[in-house]
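Open the model in your viewer and keep the selection panel handy. We'll hop from stop to stop, picking something and looking at what sits there.

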Amino acid sequence: MSALKSSSGPVAAPWTCPFCPLLCDSFGVAAEDGSWVLTGSACGRARAGLSHFSAAVAPTAQPHIDGVACDVEAAIAAAARLLAASRQPLFGGLGTDVAGARALYALACRTGAVCDPAGGAALFHGLRALQDRGAFTTTLAEVRTRADLIVCVGSLPSERYPEFLRRCGVGEGGAVQVVLLQPMSAASADPAAEGVELVRFDGDLFDTVAMLAACVAGRAVGDAAGSLGALAARLHAARYAVLAYEPAQLPPQGALIIEAINRVVATLNQRSRAAALPLGGGDGASTVNAVFTWLSGLPLRTRAAPTGLEHEPLRFDANRLLADRAVDALLWIASFGTEPPPPIIDLPRIVLGHPRFAAAVQGAATVFIPVSTPGIGSAGHLFRTDGSVLMPLRALRGDDGLPTVANVLKRLTRALQGANA
Amino acid sequence: MTTTLRLRGGRVIDPTNGVDAELRDVVVRDGRIVTLPPGEAATEEIDISGCIVMAGGIDMHTHIGGGKVNLARLLMPELQRAGPNPIALPSNPLELASCGGCTPGTLATGYRYVEMGYTAAFEPAMMACNARHTHMEMGDTPILDHGAYVMLGNDELFLEMLSRGADFQQIRDYVGWTINAAKAMGVKVVNPGGISAFKFNQRKLDVDENHVHWQVTPRQVVHTLAKALRELGVPHPLHIHGSNLGVAGNIQSTLETINALEGLPAHLTHVQFHAYGTEGPKKFSSAALQLAEAVNAHPNVSIDVGQIMFGQTVTASGDTMRQHAQSGLASPHKWIGADIECEAGCGVVPFRYRDQNFVNALQWAIGLEIFLLVNDPWRVVLTTDHPNGGPFTSYPHLIRLLTDRSFRAEQLAKLHPDVAANAALNSITRELSFYEIAIMTRAAPARLLGLTDRGHLGVGAAADISVYREDADREAMFTTPAYVFKDGTLVARAGRITAVSVGGTHFVAPDYDRGIETMLRKHHAAQGGVNFDQLAIGHDELCGCCNGGRLLPASCFETTS
């Protein structure tokens with residue numbers, strides 16, 4: 001068989017878990033008593049995600065308009081009417097994959113919508129720090145192979161990413177040390193995980209990272225540094241130090257904390273080796289951001305306004321726009337089933353979502369269209385937390401009978417063009 | 001009824017077929033160049049008298065998609081404004097909003113290349129772990145055909161195999177497997193061994209210096225990869241971004257890299273950044289002549305230039321070691337670096353080239369000197385290493401500099417006085433002809449990539465055609481071709497997009513022994529971040545990534561081994 005032929009053949013298909021941005025692909029899933037059961041991992045997050053799906057029966061959810069069941073075609077037509085009547089729509093949630101994001105961009109251009117994901121605040125902590133000062137980051141395979149010191153800043157990621165330590169190679173027999181750095185002001189320290197050392201500092205997280213940066217830079221801080229001086233020495237001595245952090249766990253103005261973390265990394269890299277590892281961007285947030293960025297040149301919180309492409313990292317915060325009633329319609333996308341439910345607001349709402357969100361979209365001026373979940377009912381692609389690897393998602397079941405987000409959005413864009421014509 | 005289009009009365013420049021400015025018609029049917037049977041009339045005719053006709057341009061080294069390109073966009077939102085105002089929306093209803101400049105969106109990349117008469121572009125630095133992302137971005141670059149070179153030579157597996165003296169056949173099969181898995185058009189090595197060495201805290205790596213951990217040299221890396229590609233029959237030879245980019249005196253590394261090939265074919269990319277001497281009071285001088293002499297003496301070597309253009313840009317490179325070293329020069333002062341997946345890295349450093357800065361002015365002169373001192377245009381490709389030397393939209397300006405001696409002299413006179421007075425460029429009188437420009441921008445790239453039906457206008461070739469109205473101002477002429485056809489469809493007219501299609505994906509599929517997969521599976525289980533069975537991209541998935549564009553596998557050449 002020629003290489004060309006063999007390279008075109010179907011490949012074996014491991015399952016990629018779509019429910020967190022680690023996108024683990026070394027576990028199995030089996031159908032048992034009508035449910036999907038995870039094998040090879042005790043990950044609570046994957047189990048919770050799988051619990052929203054039946055292994056026995058295809059979903060029976062139907063689209064509805066104002067709470068009344070209808071077919072997809074009618075729902076798309078109604079959604080097009082709502083968008084056509086809107087002067088400033090907001091596209092929120094953004095729980096979808098690359099294909100959904102590609103289709104969404106065309107619709108966003110047509111409607112002048114502002115786009116901001118459910119995790120917008122966290123996404124923009126990282127993005128604003130990047131836009132201001134840059135960063136030096138690493139990826140999971142590097143951490144697994146190279147890291148001998150991992151400092152988790154502010155929170156222990158395993159609380160929300162149960163496979164985090166395993167993906168970092170902790171417990172594989174290497175000599176990697178894991179430190180959780182927390183301010184005394186944290187309401188309570190995360191329960192100590194096995195093998196994780198706790199270092200605390202008397203101050204809030206802003207003080208903590210600022211003081212650590214000062215220590216690492218060798219500035220005279222005297223006794224004020226407490227245990228941070230020792231931690232700084234360990235960071236300098238490490239062969240490859242990793243500073244892991246979770247943007248979603250940071251307080252308002254969290255970009256300043258990320259900036260300090262990046263400063264620590266930059267200082268270390270003058271003499272030794274270090275890198276940052278952000279954990280976040282799940283439920284489609286970083287994926288949609290990446291796709292919009294490559295298509296348009298600008299990230300999310302951008303709109304195609306009459307004056308041009310406006311990027312407003314602060315003004316185009318979805319929560320702020322909704323609170324200020326600065327938008328007059330909402331398109332909410334939540335295809336994974338693990339996203340926050342669509343906000344209950346007094347505006348026309350179109351929801352493309354997992355069937356479980358149907359109940360949250362009732363009443364006047366609402367359209368609900370159940371959609372397939374990438375990695376469960378359809379194939380797709382999502383970016384891993386480190387941004388370098390775009391993981392393929394395979395469907396667990398052949399066809400769940402639900403349309404993909406991309407399919408609905410393409411039809412919606414066509415319907416809208418028809419409505420405007 | 002099949003439509004037949006006749007472009008009547010133009011002067012055809014088609015170096016692949018030895019045609020130089022001959023008055024002849026070009027006839028197109030079903031997306032191909034054809035001859036019109038006697039007595040048959042075309043169904044459509046366009047009068048292009050007063051125009052020059054060339055095949056569509058092919059950019060074989062331009063950073064148009066993938067991880068570091070998107071990081072550059074994220075880093076530089078301030079480039080996407082027009083002063084205090086946002087960038088205006090497109091007036092053309094066929095276009096979706098997309099910013100331009102040095103960090104254009106993929107949509108704008110496609111529109112602007114095509115308006116300029118280019119019909120194919122190749123991303124030179126695709127990481128295997130980022131291949132899906134790269135193909136996605138290229139698939140979202142409208143109209144242009146595209147392909148990418150996958151990066152090897154800094155992946156820990158390759159270095160480990162080389163270090164333990166693994167059987168060459170094994171290394172060759174691993175290279176073959178990687179090309180197939182990533183759906184690449186070739187292989188690029190960036191700072192051979194150096195990106196990995198930086199992860200082990202090594203800050204410099206000369207051609208004969210050992211990687212501090214693996215104890216192998218860039219010379220070994222380059223030679224092994226070049227030999228592997230030769231044995232696999234991959235048409236595009238090893239694409240080399242050499243050691244010590246940007247360092248004064250790096251001409252030595254470049255010459256040693258050429259020697260390391262021992263006659264094996266290779267393409268040295270953005271050589272302008274690798275042709276520096278240490279003479280003069282500032283210990284920084286042009287080594288263009290030395291480089292050109294070496295290229296002239298080594299027919300196994302081709303180059304692209306990586307010309308710099310003055311103004312703001314962003315340098316996006318896989319060379320973490322060198323980008324970290326240069327990050328202090330970032331303007332504005334911010335940069336992004338990353339160690340990536342035990343196979344590569346990246347560094348994104350914004351940069352402003354200033355005409356009154358001695359070093360920048362000399363870099364500009366060095367690039368032009370290289371273009372003008374290498375004898376054989378078939379081994380020189382016109383690039384700015386977009387966006388590293390400047391955006392691809394500056395190509396028409398570059399063409400004017402190369403074809404118009406007095407314009408070049410005017411520009412040189414405006415630069416830093418030491419450069420204006422002393423550059424060897426002052427004494428070079430050569431003006432490139434349209435024929436030579438056509439070689440450097442379409443015919444040579446097609447030949448160097450092994451594209452037999454692109455880059456020329458012979459019967460049977462794809463009807464990718466650019467029609468330029470003759471103008472004494474070469475910059476204006478090459479900025480706005482009168483007509484651009486992609487596979488026979490009119491896609492741009494007088495600088496305005498007239499049809500938006502999805503481009504095709506060029507890749508190669510060399511044969512290799514699949515026994516290598518056992519070892520690769522074991523390696524990825526022990527050290528990787530992704531399940532081995534996820535790594536290879538199949539044709540169906542590639543098609544999805546590329547937005548349904550055509551798959552264009554190029555043939556490998558016959559190998560004797």
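Start by selecting helix H3 of chain B, residues 131–139. The buried residues here are Ala131(B), Arg132(B), His133(B), Thr134(B), His135(B), Met136(B), Glu137(B), Met138(B) and Gly139(B). That makes nine of nine, so to speak: H3(B) is mostly covered. Buried means that 20 or more other C-beta atoms lie within 10 Å of the residue's own, exposed means 12 or fewer, and partly exposed is in between, with C-beta atoms placed from the backbone. Helices (H or I, at least four residues) and strands (E, at least two) are DSSP runs, numbered from the N terminus.

A word on what you have loaded: it is a predicted model, in which local features need pLDDT of at least 70 and side-chain atom pairs count only at pLDDT 80 or more, while totals for chains, interfaces and linings use all residues. Residues are numbered from 1 along each chain as its sequence is written, and chains are lettered from A and ligands numbered from 1 in the order in which they are written.

Stay in chain B and select Phe557(B), in the segment after strand E28 (551–554). Is Phe557(B) buried or exposed? Phe557(B) counts as exposed because 11 other C-beta atoms lie within 10 Å. Leave aside the neighbours within four places in sequence, and Phe557(B) is in contact with Gly233(B) and Pro235(B); contact means C-beta atoms, placed from the backbone, within 7 Å.

Next, show both chains and pick out where they touch. Chain A brings 57 residues to the contact and chain B brings 59. On the side of chain A, the largest share, six residues, comes from helix H6 (residues 140–146). Colour that side by type and you get 27 nonpolar, 21 polar and nine charged residues. Here Ala, Val, Leu, Ile, Met, Phe, Trp, Tyr, Cys and Pro count as nonpolar, Asp, Glu, Lys and Arg as charged, and the others, Gly among them, as polar.

Then select strand E7 of chain A (residues 134–137) together with strand E20 of chain B (residues 335–340): they run parallel, joined by four bridges. Strands pair if DSSP finds at least two bridges between them. For one of these bridges, click Phe136(A) and look across to Gly337(B).

Now zoom in on strand E17 of chain A, residues 366–370, where five of five residues are buried. Thr366(A), Phe368(A) and Pro370(A) take one face, with Val367(A) and Ile369(A) on the other. Strand E16 (residues 349–353) of chain A pairs with E17(A) in the parallel sense over five bridges, and Arg349(A) stands opposite Thr366(A). Strand E3 (residues 64–65) of chain A pairs antiparallel with E17(A) over two bridges, placing Ile65(A) opposite Val367(A).

Last stop: E18 (residues 380–383) of chain A, with both faces covered. E18(A) pairs antiparallel with E19(A) (residues 390–393) over four bridges, Leu382(A) partnering Met391(A). Six residues link the strands of this hairpin, and Gly387(A) has a positive phi near 80 degrees.

Notes. Contact = placed C-beta atoms within 7 Å.
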